[in-house]
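Subject: Structure for you to look at

Hello,

Here is the structure I said I would pass on.

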Amino acid sequence: MDPQVLEAMLPYLKENFGNASSLHSWGQEARAAVDQARGQISQILNCQPQEIIFTGTTTEADNLALVGVAKASLFKGNHLVTSPIEHHGALDVFEALSKNGFEVTYLSVDEYGLVDPAEVEKSLKETTTLVNVMYANNEVGTIEPLRESGSKIKNLKLKMRNSFGGPFFHTDAAAAKYLDLDVQKLGVDLMTLGPHKFYGPKGIGILYVREGTKIESVIKGGAHEYGLRPGTENVPAIVGAAKALELLEEDKQPDAERIAALRDKLIDGVLQKIPNSHLTGHPKKRVPDIASFVFEGAEGESILLLLNEEGIAASSGSACTSGLLKPSHVLTAMGISPELSHGSLRLSLGKDTTEEEIDHVLEKLPPIIERLRKMAPK
Ligand SMILES: *Cc1c(COP(=O)(O)O)cnc(C)c1O
């Protein structure tokens, strides 16, 4: 967490401990902090303060957006559209909804993970209430053409010309922090953000909900967060989320450019030094902070363990839970074979990543891959 974020949060963990729903002055101080944070965030996202809802996690924000809109719009229809490369926090919601009477259309993606806006348009029908396409993919970094898809959805809204206001367009922007987060320009009705992805605290999610969107709460209980997320507000985390977003915006462009240059050095170095290695995701339309690869004949989790011994924290799309090696649904949707998917690796950069660290990875990774390839059964 950014030290400035922690500093902003500390008073609300210590002396300003009031419940923001209480009428006494301790409570009102907490309320003022929540209001201020909501205002700051709404200015950055270019929306109204009352269009910002705080949840417990990003996953919860995804769930609220998707379940909330699907259920509240049932009077109009039961057809939902999603990309197949969403984070499980969104994708698994569609699986659950499809078991509960909803009709779900899964769009296809190309080899880079791109959704075709023309396919979004084709998928829309009279009963469509919700379309869900993430802003950038968290495994391979591909940036989706949201504005184009948004304008197709808007065309249908205009054609429908009724009080419904849908179909509603949600995007999960948790992996898109360095991109433009202006919801008006993006043309989305709902957008999810995760503050712990940009040096904010864990335990907080942000959901933008455009005024007029048909949505109901998933959790029942009270009037907090305009009735959409009942439960006592996590005041320190809300304050921290606003501070983190403010700091992100301050140096966004220079940060993004510097990080992208390091990312390119990393990608070029890996592809050059390691034979039979491939970049995953789009070579150009990708976020500055994600480099992702597949290596032929090397297993992802083994790569992670050996990298960890060199002080390098990485992740892999393949999760070897209970001995069952399941390839990443993202790589599978992109047409990458299960064998190749098992050798996947994601390296994420941050605002403090240095050139020396990139050099360190470029020195340590090639012999690790070579070692694993020698060990692998032919
Ligand atoms: C991290 C992430 C999430 C889930 O965040 P949690 O904090 O674990 O709830 C959802 N979507 C995307 C794209 C993410 O990167």
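A residue is called buried when its relative accessible area is under 20%, exposed when that area is over 50%, and partly exposed in between. By that rule K364 is partly exposed, because its relative accessible area is 22%. Please keep in mind that this is a predicted model.

Salt bridges

K364 is a place to start. Its side chain meets that of E310 in a salt bridge, with 3.8 Å from N to O. The two residues come from distant parts of the chain, 54 residues apart: E310 sits in the loop between α10 (300-309) and β10 (319-321), while K364 belongs to helix α13 (residues 355-375). E310 is also partly exposed, since its relative accessible area is 33%.

The structure has 23 salt bridges. Another of them joins E95 and K99, whose closest N and O atoms are 3.6 Å apart. E95 has a relative accessible area of 41%, so it counts as partly exposed. K99 is exposed, because its value is 64%.

R263 and D264 form a further salt bridge through their side chains, at 3.0 Å from N to O. Which of these two is buried, and which partly exposed? R263 is buried, because its relative accessibility is 7%. D264 is partly exposed, as its relative accessibility is 33%. There is also a network of salt bridges that links D2, K351 and D352.

The two domains

The domain assignment divides the chain into domain 1 (3-250) and domain 2 (252-375). Taken over C-alpha atoms, the centres of domain 1 and domain 2 are separated by 28 Å. Contact between them involves 30 residues of domain 1 and 25 residues of domain 2.

The size of an interface is often given as the accessible area lost when the parts come together. Here, the area buried between domain 1 and domain 2 is about 2,200 Å², and carbon and sulfur atoms give 60% of that. On the domain 1 side, E139, V140 and Y178 supply 34% of the area buried against domain 2, more than any other three residues.

How many salt bridges and how many residue pairs in polar contact are there between the domains? The count is 2 salt bridges and 13 residue pairs in polar contact. On the side of domain 1 that touches domain 2, α4 (88-98) and α8 each supply at least two residues. The most comes from α8, which gives 3 residues to that side.

A separate item for your list of charged pairs is the salt bridge between the side chains of K177 and D289, at 2.9 Å from N to O.

Nonpolar cores

The largest nonpolar core has 87 residues, and those that touch the most other members are L45, M191, L266, F295, I303 and L365. Helix α8 (residues 235-250) provides the largest share of this core, with 10 residues.

Not counting residues up to four places away in sequence, L45 touches I52, L181, D182, V183, M191, L193 and L245. A second, separate core has 23 residues, among them A65, L66, A90 and F164.

A buried helix face and a buried threonine

The buried residues in α4 are G89, A90, L91, V93, F94 and L97. They are covered by elements including α3 (58-72), β2 (79-82), β3 (103-106), β4 (128-132) and α11 (329-333).

T171 is part of strand β5 (residues 168-172). T171 is buried, because its relative accessible area is 0%. Leaving aside neighbours within four places in sequence, T171 is in contact with V133, M134, Y135, L146, V188, L190, M191 and T192.

Regards

Methods. Residues are numbered from 1 along each chain as its sequence is written. This is a predicted model: local features need pLDDT of at least 70, side-chain atom pairs count only at pLDDT 80 or more; totals for chains, interfaces and linings use all residues. Side-chain values use heavy atoms; hydrogens and water are left out. Helices (H or I, at least four residues) and strands (E, at least two) are DSSP runs, numbered from the N terminus. Buried means under 20% relative accessible area, exposed over 50%, partly exposed in between (1.4 Å probe, protein chains only). Contact means heavy atoms within 4.5 Å. A nonpolar core is a set of buried Ala, Val, Leu, Ile, Met, Phe, Trp, Tyr and Cys residues joined through side-chain atoms within 4.5 Å. Domain bounds come from an automatic or database domain assignment. Buried area is the accessible area (1.4 Å probe) that two parts lose on being put together, summed over both. A salt bridge is a side-chain nitrogen of Lys or Arg within 4 Å of a carboxyl oxygen of Asp or Glu. A polar contact is a pair of N or O atoms within 3.5 Å; within protein, one must be able to donate a hydrogen and the other to accept it, and residues adjacent in sequence count only if both atoms are side-chain atoms.
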